[in-house]
Amino acid sequence: MKKLKLPIYIILLILGATGLHAQQKRTINIIGGARSFISTNQIKVMDSIPDTTTVKKNNGGYALIDLGVDITPNKSVEILGMFRIKNYYGGFWGSGVSFDVRQLWLKGIVGNVFRYQLGDLNLKQTPFTLYNHHADRIDSLPDVFNLQNQIISYEKFYIGNTWRQQGANIDFGLNFSKVLKELNFTGYLTRMQATNFFTVPDRLMGGATVNVVQGRHISFGYNGFWAFDVKGTAPDSNTYHNSVNTIELEYTTNLKNIGFEVKAEAGTSKSVYSQDVDASLLKDYFIHGYATIRLPKQYLDFTLGYLNVGPDFRSIGAQSKDINYSAAPEYYNRYTNAQIPRPLSVFDVVRNENIYNTSVTSTLMATNPVYNNVLPYGIATFNTQGILAKINYKFPKGIAVNAEQYFLSEIRGQGTNSLKKFSQTKLLAQIEINKLANFSRELKIQIGANYQITSRKSDVTVEEVDLKSLQFQAGVEFEFIKKIDLLLGIVGLSNKGNDFLPVRNSYSKIEYFNSANYDLSQYLSAAGIRVRFLSDRIYLCALYQRSTYTDKINVNPDYQLDQFCAYF
Amino acid sequence: MKKIFYIALALISLWSCRKETVTFDGPSIKEMYSNFSMLENFKSSKDSVSFANGEYILFTAKFNKMVNWKITVTGQTSHAKKEITGLTNAIDGSNGLWDGSTTYFPMFKAENCRAELTIEGVPDTFIVTTKIKSVKVNTGLVIADFENGFNPLWTKFIQSGANMDFKIKTDTLAPQGDDYLNMAGTVDWDWLIGLIDYPAAAYGSGKTMPLPTNPGNVYFNCLIYGVPNTNESHVLFQFKEDENADGTITASSDDQYDLEVIVNWVGWKLVTVKYADLPCLNNGQPVTPNGNGQHNPDKIGKISMLHLADPKNGFASCKIDYLIFTDTPLKP
């Protein structure tokens with residue numbers, strides 16, 4: 001009961017504040033959202049020895065409310081505090097209830113020039129400085145999965161490509177009448193790791209972006225990113241430092257209704273530990289540039305680009321992964337009679353928020369070739385060079401097609417002088433039949449595929465690599481009764497071949513290569529009904545989904561997960 | 001269009017600047033995943049060695065790939081063992097030196113030795129032989145190695161319990177030399193089974209032990225044997241300082257530092273502790289010492305060695321040998 005007292009006091013406080021809101025117009029707003037989820041799950045294990053240990057059925061769910069108070073004491077200051085009450089079904093009298101602060105920030109403007117924000121920040125710079133690439137997430141997910149995937153973004157504060165940090169941020173802009181048009185500055189300083197007063201020092205992360213708009217066509221800028229330990233905050237004086245400095249250039253113009261855009265970024269990085277400089281120092285550079293031709297009358301864009309990211313380029317802000325493959329999944333984290341860890345499946349990648357990170361991590365995270373073997377750290381993947389081509393077609397009456405092709409290779413060999421070559425072919429299409437056929441109820445079809453090839457030819461047979469991965473998705477959304485949608489979808493992923501997985505030390509240098517062989521196929525299929533209420537953001541959705549994991553080499557026993565769930 | 005051309009030119013120029021100086025990252029896959037072969041045979045640098053003269057033996061070998069290897073040197077008389085391990089593609093001066101030290105007791109004697117090289121995943125064993133002409137000498141102040149019996153200046157007290165045995169034994173179990181002290185008995189009314197006092201006078205330097213002043217450079221070492229299937233023994237060392245060097249240790253005004261070893265293992269084990277790290281104990285709990293509160297190894301007037309056991313448990317037994325002060329942790 002004690003646990004419930006605090007939420008009650010807060011609610012009373014909010015009710016009081018709402019009264020204040022009535023007296024002083026536009027000073028306090030109550031904002032928030034709520035969600036309820038209930039599921040029943042079942043696992044079927046296809047092991048050579050029948051699994052009599054794992055509990056096969058699992059039921060559960062929760063209800064939560066995020067309630068925020070947005071206070072604007074004057075026109076220059078805004079304060080937001082948001083708390084969350086979450087109650088797991090089956091928890092009574094406070095035993096299953098948690099109460100957390102979810103967001104807390106203050107922002108304002110000084111002298112109508114400097115904007116500032118303190119507390120929680122959603123930060124992003126460029127793809128090589130601070131950027132959440134979501135490298136392994138499946139593009140253009142069918143809506144039946146996307147609504148589950150959006151919960152991950154909400155829970156982990158992913159707003160596009162931002163990372164959630166805590167600290168301070170300032171920005172300001174200057175306009176000029178001659179030579180330059182405008183200059184914009186953004187700077188931030190955040191605490192990414194708190195000291196444990198023993199071995200872990202305080203680690204701060206800072207960055208600055210200066211962007212100059214020269215005129216109608218040209219803009220250029222500088223981006224700096226720094227992560228560093230604060231000496232003296234822990235007895236262990238081996239401090240870490242990572243810096244990235246880049247310059248950007250953008251040129252846009254129009255010639256006879258044809259748009260041209262050239263954008264390039266290049267820079268350097270340095271990563272080092274103070275007490276072991278020789279072993280830990282990594283310095284390198286990158287170049288990324290592309291040119292786009294836009295044909296608005298034909299609804300077409302063509303892009304051709306070049307990417308070169310050095311083998312020793314390290315940028316923790318851009319090379320942190322959102323998925324932690326070492327994390328335990330939400331359901332059935334162990335299976336079989338031996339209770340071995342269950343390998344993650346597409347089911348987990350699509351809808352399991354437990355395996356996703358909120359913030360930047362300072363050590364190089366592990367990659368998983370099953371989900372992305374070409375650009376596991378997005379375009380900031382080190383030791384990569386090659387070209388890319390993209391075609392986008394967007395017909396206003398409901399057809400959108402995106403195709404892209406990467407031809408890449410390593411710059412420096414891994415365990416051999418022979419270089420790996422990578423190819424990625426991606427095709428995504430969305431057809432809104434209702435717009436084409438002019439009827440009011442939504443009927444949308446989504447299809448997509450991503451085919452990746454990793455290969456290494458060598459005179460020494462044992463060094464050869466040949467791994468092919470095909471990921472495809474298809475989905476239908478049909479509003480068969482007004483505000484009631486039928487949702488169908490399937491995601492498939494298959495991997496076949498071999499690769500060598502590097503084992504890295506704490507300085508991210510390779511110490512060993514594990515030989516990995518794959519003959520794996522996974523399917524996630526789902527069907528559901530969604531009832532939308534006042535707006536599209538308020539809905540009740542009931543889903544049935546099945547996930548199968550088939551490993552023909554039998555590194556891990558096969559399994560099937562079935563889930564019936566309802567979201568509100 | 002000119003601007004686009006210049007930008008493209010700049011990018012291509014930058015691209016062409018990259019010069020790779022490192023051949024490849026990580027160990028060679030070819031080496032790691034190819035069949036094992038010996039490029040240079042397993043060899044010993046000497047047929048015979050005098051460790052007492054500071055000599056050493058260098059083992060060498062070369063392989064075609066990185067492997068987990070282990071050299072086990074076994075004394076043919078003492079059955080002492082020395083293990084040297086590594087994960088490399090060569091055994092050389094950086095990882096294959098043997099200075100006569102021991103991994104598994106007893107210590108080596110002047111004897112013939114057989115060195116076996118085993119490699120993980122390789123069924124063959126590679127063998128060389130060598131002879132120890134004189135054993136490794138450990139420099140330091142030996143408090144007791146029991147090779148010459150009881151020093152008449154030592155004093156001992158042994159309870160009158162059952163099956164009491166506080167005698168020096170001479171047999172193949174001796175980890176150093178030929179002798180060790182056996183401490184055993186049943187005392188069902190007291191924790192103390194027996195004790196030996198080692199006074200400074202037994203070491204020829206008067207009222208305090210001839211040790212350095214810096215407690216950070218003084219290590220106390222001993223070898224203790226845990227007897228299988230016997231009740232747990234405690235060995236308590238009391239380092240009693242005579243701070244004013246008057247020849248009398250006054251408990252109320254002189255420091256005493258303690259080392260309590262709970263013998264919960266089987267076989268011989270080396271116990272090493274830096275004198276500066278020793279606490280002052282009262283009934284096993286750290287307390288403030290009664291003297292100047294500073295560790296002064298050069299003022300140790302007496303060391304008491306007590307064999308203790310829980311009286312409720314009954315018979316307890318352990319063995320001890322080679323009590324020695326050194327300036328670095330003992331490498332026996």
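Modeller: Start at A:Phe157, which follows helix α2 of chain A and has a positive phi, near 60 degrees. Residues are numbered from 1 along each chain as its sequence is written, while chains are lettered from A and ligands numbered from 1 in the order in which they are written. The model is predicted: local features need pLDDT of at least 70, side-chain atom pairs count only at pLDDT 80 or more, and totals for chains, interfaces and linings use all residues.

Now the helix itself. α2(A) covers residues 143-155, 13 residues in total. From first C-alpha to last it reaches 18 Å, close to the 18 Å expected at 1.5 Å a residue. The expected span is 1.5 Å times one less than the number of residues. Helices (H or I, at least four residues) and strands (E, at least two) are DSSP runs, numbered from the N terminus.

Five names to find in α2(A): A:Asp143, A:Val144, A:Phe145, A:Gln148 and A:Ile152 are buried. Buried means 20 or more other C-beta atoms within 10 Å of the residue's own; exposed means 12 or fewer, partly exposed in between, with C-beta atoms placed from the backbone. An α-helix has 3.6 residues a turn, so residues three or four places apart point the same way. The cover over the buried residues of α2(A) includes α4 (346-351), β22 (465-481), β23, β24 and β25 (539-551) of chain A.

Step back to the whole chain. Chain A has 5 helices and 26 strands. Of its 568 residues, 29% are buried. Its C-alpha atoms fill a box of roughly 75 × 75 × 65 Å along the principal axes.

Strand β4 (97-110) and strand β5 (114-123) run antiparallel, joined by 6 bridges. Strands pair if DSSP finds at least two bridges between them. A:Ile109 stands opposite A:Arg115 of β5(A). The hairpin has 3 residues between these strands, and A:Gly111 there takes a positive phi near 60 degrees. On to β6 (163-175): β5(A) pairs with it in the antiparallel sense over 9 bridges. Here A:Arg115 has A:Asp171 as its bridge partner.

Now look across to chain B. Here 29 residues of chain A are in contact with 19 residues of chain B. Contact means C-beta atoms, placed from the backbone, within 7 Å. On the chain A side, β24(A) gives the largest share, 5 residues. That side divides into 18 nonpolar, 8 polar and 3 charged residues. Ala, Val, Leu, Ile, Met, Phe, Trp, Tyr, Cys and Pro count as nonpolar, Asp, Glu, Lys and Arg as charged, and the others, Gly among them, as polar.

One strand pairing links the chains. β19(A) and strand β1 (24-25) of chain B pair in the parallel sense over 2 bridges. A:Gly413 has B:Phe24 as its bridge partner in β1(B). A:Arg412 lies in the loop between β18 (399-409) and β19 of chain A. A:Arg412 counts as partly exposed because it has 18 C-beta neighbours inside 10 Å. A:Phe382 is 30 residues from A:Arg412 along the chain, with their C-alpha atoms separated by 10 Å.

How values were computed. Two residues are in contact if their C-beta atoms, placed from the backbone, lie within 7 Å.
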